Amino acid sequence: MSVTKMTSELYCVNCEKNTIHEVLYVGDHIERITCLECETYLEIDENVVLSNYALDLWKRVRTKPERMTSEFKEDLSTFLCSMPMRVVTKPYRMVKEFKEIKDITKHSREV
Ligand SMILES: [Zn+2]
C-alpha cells in the first residue's frame, strides 16, 4: 500500500494553536495526523467517528485529495475540532515509552 505524507496547518488541541501537522495517508485513507510541534498524534478511530456527528465531514476528508486545497484544509480543521479528542489523542511519547517497556519485558524474559 502506498504511504503519502502531506503537511498542513491545522489546529492542535494540545498546543492550543494552529501548527504544522503531518497527515499520513496509507492507501487512500488517513492513517494518522501528527502535530510537528508537540508530536501529539491522532489516529482516527472510525468507530468514534461513525457514532459522531462529524461523520459527514469524515466522509469528505478521509480520502486522499489530489492536492491540499484550502477547502480541504478547512474541512479537515473543522473535522478535528469537532472530534472528541480525548478519545483519539495519543501522545506520541507515551506510546514510544510503552513500546520500550514492552521491549525490555520481552528482553528480560529471554534472559
Ligand atoms: Zn501540538
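In the predicted model, Leu 10 touches Asn 18, His 21, Leu 76, Ser 77 and Leu 80, when residues up to four places away in sequence are left out of the count. In soluble globular proteins, nonpolar side chains tend to be buried together.

The backbone was also examined for positive phi values. Most residues other than glycine have a negative phi. Glu 16, although not a glycine, has a positive phi of about 60 degrees, and its place is in the loop between E1 and E2. Glu 16 counts as exposed because 9 C-beta neighbours lie inside 10 Å. A positive phi, near 65 degrees, is likewise found at Glu 39, a residue other than glycine, which lies in the loop between strand E3 (29-35) and strand E4 (40-42). With 12 other C-beta atoms within 10 Å, Glu 39 is exposed.

Confidence in the protein chain averages a pLDDT of 76, and 68% of the residues score at least 70. The highest mean, 89, belongs to strand E2 (residues 17-26), whereas confidence is lowest in helix H4 (residues 85-88), at a mean of 48. Where pLDDT is low, the predicted coordinates should not be read in detail.

Note on methods
Residues numbered from 1 in each chain as written. Predicted model: local features only at pLDDT ≥ 70, side-chain atom pairs only at ≥ 80, totals over all residues. pLDDT = per-residue confidence, 0-100. Helix = DSSP H or I, 4+ residues; strand = E, 2+ residues; numbered from the N terminus. Contact = placed C-beta atoms within 7 Å. Buried ≥ 20, exposed ≤ 12 C-beta atoms within 10 Å, placed from the backbone.
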